[in-house]
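Here's a quick briefing to read alongside the coordinates. Have the viewer open and follow the residues as they come up.

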Amino acid sequence: MTRTRQIALTLALALLVPILAACGAGQTQTSPTTAPAAGGDAAATAPAAGGDTTTGGDMAAGGTCMGIEVEEGATLRFQAAGNPTEQQLYVEGAQRFQEACPGVTMTFEPLNDYQTQMRAAFSAGTAPDVFLLDGELMGAFAPNGLLLPLDDAMASAGVSADQYFAPTIELFQQDGMTYGLPKDFNPLVVFVNTELAEQAGVDPAGIQTWDDWKEAAAAMTTGEGPGRTYGLCLNSDILRSGAFVFQTGNQFIEGTDAVFNNEDGVRAIEFWKSFKDEGTGALFGDLGRGWCGEAFASRATAMAVEGGWIVPFLADPANGATDLAYTAIPLPVPEGGEQASWLFTNAFAANAQTQYPNAAAAAVLFLAGEENQQALISSGLAQPTIRSLADDPYYSDNPVAQTLVEAGEYGRLADTVLGGPVKKGDVIATLNEAQERIFLDAQTVQEAMDQAATEVEEILAR
């Protein structure tokens with residue numbers, strides 16, 4: 001197959017496979033089945049660059065890649081899931097890797113049922129060499145020796161864990177070993193319609209405290225009936241409201257005890273619900289929208305708590321918001337509180353049983369490394385996990401992105417604070433059921449959180 005046909009096939013596959021976003025809009029991610037077969041026209045192979053490069057050198061007989069001596073004739077299968085735009089970024093990353101390390105062949109295979117396919121592939125012994133790793137699979141794979149430790153390769157390449165935002169890499173470390181390198185992240189921030197803010201006499205930069213936020217939401221709530229514009233779009237998901245619990249200094253879980261029903265934890269959820277009670281906020285479902293990004297794009301709300309995934313959504317002409325002027329601000333904090341936000345991240349990892357462990361480790365280091373992450377900054381889909389890249393000139397020219405990337409210093413990961421990657425799903429489901437009861441006024445916040453605390457402690461005790 002010619003280089004031109006390879007590239008065309010790669011692009012076609014990337015555009016034909018709609019999958020969940022790697023960093024998620026707070027949605028539950030899918031899990032693993034049989035990986036697509038490698039080879040032939042069923043997979044997309046990044047074209048080999050050939051020749052010497054500063055990083056890769058002449059790799060015809062093995063050689064050095066990312067400071068690592070790689071195996072001669074190494075051929076790697078690389079699998080990841082994501083929406084069409086993300087798939088294209090993976091394709092481009094694989095191409096960049098081969099240009100840097102031309103002696104290693106990288107074959108990219110898109111997945112469409114990530115969790116199911118990955119689990120089944122590892123069970124059947126057909127898992128890829130390099131792949132996308134989320135927190136849940138980290139919790140399932142690392143304890144069973146399925147992931148390749150990366151620490152020796154990191155030392156050879158001069159890469160240290162502290163180059164990454166701490167929460168994003170700690171998720172992929174266990175018992176002193178590193179099994180994945182975070183590829184990017186998204187936090188929660190507040191997106192503000194600047195036109196509606198100006199009309200209401202609100203300065204977004206002045207929204208710093210919970211009280212400021214409530215006043216701004218009230219000022220930007222206008223109209224009546226179906227044409228009413230609410231100040232804030234609400235989401236009855238703990239992966240929204242939970243950020244405010246941390247802002248009070250309260251935790252969710254301490255050891256095997258659920259503590260989110262403490263006084264400050266309850267106060268945080270009461271604050272979030274107060275927008276609905278006071279008529280200045282509405283759940284996106286009550287507005288007839290599928291998520292808060294849609295409500296914000298349609299001007300049904302003046303503000304929304306979302307992550308960077310909303311940026312390409314608003315830029316898509318199909319969503320009718322290309323003329324919407326907006327900015328982003330950090331989540332407001334209570335008086336005397338601390339800044340906090342949820343972070344969403346995934347990593348790249350390697351199969352412990354790969355035939356080419358050195359080449360696979362080099363690929364992980366490259367894909368999650370500075371060169372590849374820097375190339376993805378302008379995509380706007382997510383922020384780099386390498387701390388030094390927060391100083392990239394792109395951010396000084398893009399204040400929305402700057403607000404997003406700065407959250408890497410203070411964000412929290414649900415995987416590490418809600419019972420661990422394995423139990424996180426059950427804990428989140430329990431807390432979301434409590435949120436539903438709260439927003440339906442079926443229980444008070446205290447009653448719902450007390451019930452959830454009992455149920456979560458039962459989950460932790462299993």
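This is a predicted model: local features need pLDDT of at least 70, side-chain atom pairs count only at pLDDT 80 or more; totals for chains, interfaces and linings use all residues.

Residues are numbered from 1 along each chain as its sequence is written, and side-chain values use heavy atoms, with hydrogens and water left out.

**Overall build**

- The protein chain carries 19 helices and 18 strands, taken as DSSP runs (helices are H or I with at least four residues, strands E with at least two) and numbered from the N terminus.
- Of the 462 residues in the protein chain, 57% are buried; that means under 20% relative accessible area, with exposed being over 50% and partly exposed in between (1.4 Å probe, protein chains only).
- Take the contacts (heavy atoms within 4.5 Å) between residues at least 6 apart in sequence: 75% of them join residues at least 24 apart.

**Cavities**

- Rolling a probe the size of a water molecule over the atoms shows where empty space is left.
- A cavity here is a set of points, on a 1 Å grid over the protein atoms alone, where a 1.4 Å probe fits but cannot get out; grid points are joined across faces, edges and corners, and a volume is the space filled by probe spheres set on the points.
- Two cavities of 30 Å³ or more turn up, and the largest cavity holds about 200 Å³ of space.
- The largest cavity is lined by 18 residues, and L89, K183, D184, L376 and A382 are the closest to its centre; a lining residue has an atom within 4 Å of a point.
- Two or more lining residues come from each of α2 (84–100), β9 (181–187) and α14 (370–376), with α2 giving the largest share at four residues.
- By type, the lining of the largest cavity splits into 10 nonpolar, five polar and three charged residues. Here Ala, Val, Leu, Ile, Met, Phe, Trp, Tyr, Cys and Pro count as nonpolar, Asp, Glu, Lys and Arg as charged, and the others, Gly among them, as polar.

**Aromatic pairs**

- A pair of aromatic rings is described by the distance of the centres and the angle of the planes.
- The whole structure has 28 aromatic pairs, counting rings of Phe, Tyr and Trp (its six-membered ring) with centres within 6.5 Å; planes under 30 degrees apart are stacked, over 60 edge-to-face and the rest tilted.
- Y90 and F108 make a tilted pair, 6.0 Å centre to centre with 40° between the planes. Y90 sits in helix α2 and F108 in strand β5 (residues 105–111), 18 residues apart, so the pair links distant parts of the chain.
- Both partners are buried: Y90 has 6% relative accessible area and F108 has 2%.
- F165 and F185 pair edge-to-face, because their ring centres are 5.5 Å apart and their planes at 80°. F165 is in the loop between α5 (151–157) and α6 (166–170), while F185 is in strand β9, 20 residues apart.
- F165 is buried at 2% relative accessibility, and F185 is buried at 0%.

- T385 lies in the loop between α14 and α15 (393–396) and is buried at 0% relative accessibility.
- The side chain of T385 reaches the backbone oxygen of P182 at 2.7 Å. Beyond four places in sequence, the contacts of T385 include F165, K183, D184 and F185.
- A360, in helix α13 (residues 357–367), is buried with a relative accessible area of 0%.
- The C-alpha atoms of A360 and V70 are 8.6 Å apart, although the two residues are separated by 290 residues along the chain. Leaving aside neighbours within four places, A360 is in contact with L76, D129, V130, A350 and T354.
- Helix α18 (residues 424–439) holds I428, which is buried at 13% relative accessibility. Not counting residues up to four places away, I428 touches I238, L239, A414 and L418.
- K424 is also in helix α18 and is buried, with 18% relative accessible area.
- The side chains of K424 and D415 make a polar contact at 3.0 Å. The term covers a pair of N or O atoms within 3.5 Å; within protein, one must be able to donate a hydrogen and the other to accept it, and residues adjacent in sequence count only if both atoms are side-chain atoms.

How values were computed:
On a 1 Å grid over the protein atoms alone, a cavity is a set of points where a 1.4 Å probe fits but cannot get out, and a pocket is an open set with protein on both sides within 12 Å along at least five of seven lines; lining residues have an atom within 4 Å of a point.
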